[in-house]
Amino acid sequence: MGSSYDFGSRLVGGLDRSFLDKGVRFGKNKGPNQKAVLVDAKDRSGMYFVDYTLEMPGEFSRHLLSVVALGNNGRYNRLYTVTAQADAENYSAVKKTLMDVVESFKLLKS
């Protein structure tokens with residue numbers, strides 16, 4: 001899957017639609033659009049930890065922490081994700097708890 005930064009950039013880039021606000025309006029797009037920003041990305045023990053923000057028009061801004069891992073049960077490949085989120089305004093107050101939740105995820109070996 002590449003480096004943790006590359007993985008995080010692709011994950012968050014797939015959520016970002018802010019580029020539509022900068023240029024020609026396509027179809028019925030009236031803007032503003034969803035904006036996603038990568039804050040940090042790390043890999044540990046074969047898992048990717050991604051820290052990013054997400055702003056959606058008409059909703060509160062969110063700060064998200066995700067862990068993504070690939071597993072195999074001997075027959076099938078599996079994609080596992082755990083995401084914790086808080087509104088951006090209160091993120092600093094709950095950051096440690098959210099990090100503990102995400103970092104508690106362990107990929108069991110079959």
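**Exercise 1. State which side chains meet in the salt bridge of Glu59, and classify both residues by accessibility.**

Solution. The side chain of Glu59 forms a salt bridge with that of Arg62, at 2.4 Å from N to O. A salt bridge here is a side-chain nitrogen of Lys or Arg within 4 Å of a carboxyl oxygen of Asp or Glu. Next, accessibility: buried stands for under 20% relative accessible area, exposed for over 50%, and partly exposed for the range in between (1.4 Å probe, protein chains only). Glu59 has a relative accessible area of 42% and is partly exposed, whereas Arg62, at 15%, is buried.

The model is predicted: local features need pLDDT of at least 70, side-chain atom pairs count only at pLDDT 80 or more, and totals for chains, interfaces and linings use all residues. Residues are numbered from 1 along each chain as its sequence is written, and side-chain values use heavy atoms, with hydrogens and water left out.

**Exercise 2. Find the elements that the salt bridge between Glu103 and Arg44 ties together.**

Solution. The side chains of Glu103 and Arg44 meet at 3.6 Å, N to O. Glu103 belongs to helix H3 (residues 91–103) and Arg44 to strand S1 (residues 35–44), so the pair links parts 59 residues apart in sequence. Glu103 is partly exposed at 30% relative accessible area, and Arg44 is partly exposed at 38%. The whole structure has 4 salt bridges. Another of them joins Lys42 and Asp40, at 3.9 Å from N to O. Lys42 is partly exposed at 40%, as is Asp40 at 34%.

**Exercise 3. Describe the lining of the largest pocket by residue, element and class.**

Solution. The search uses a 1 Å grid over the protein atoms alone; a pocket is an open set of points where a 1.4 Å probe fits, with protein on both sides within 12 Å along at least five of seven lines, and lining residues have an atom within 4 Å of a point. Grid points are joined across faces, edges and corners, and the volume is the space filled by probe spheres set on the points. The largest pocket has a volume of about 200 Å³. Its lining has 14 residues, and Lys42, Phe49, Asp51, Leu65 and Met99 are the closest to the centre. Two or more lining residues come from each of S1, strand S2 (47–55), strand S3 (62–72) and H3. S1 gives the most, with 5 residues. By class, the lining has 7 nonpolar residues (Ala, Val, Leu, Ile, Met, Phe, Trp, Tyr, Cys and Pro count as such), 6 charged (Asp, Glu, Lys and Arg) and 1 polar (the others, Gly among them).

**Exercise 4. Place Thr83 in the fold and list the residues that Thr83 touches.**

Solution. Thr83 sits in strand S4 (residues 77–87). At a relative accessible area of 45%, Thr83 is partly exposed. Leaving out residues up to four places away in sequence, Thr83 touches Tyr52, Leu64, Leu65 and Ser66, where contact means heavy atoms within 4.5 Å. Val68 is 15 residues from Thr83 in sequence and 8.8 Å away in space, C-alpha to C-alpha.

Terms used:
Helices (H or I, at least four residues) and strands (E, at least two) are DSSP runs, numbered from the N terminus.
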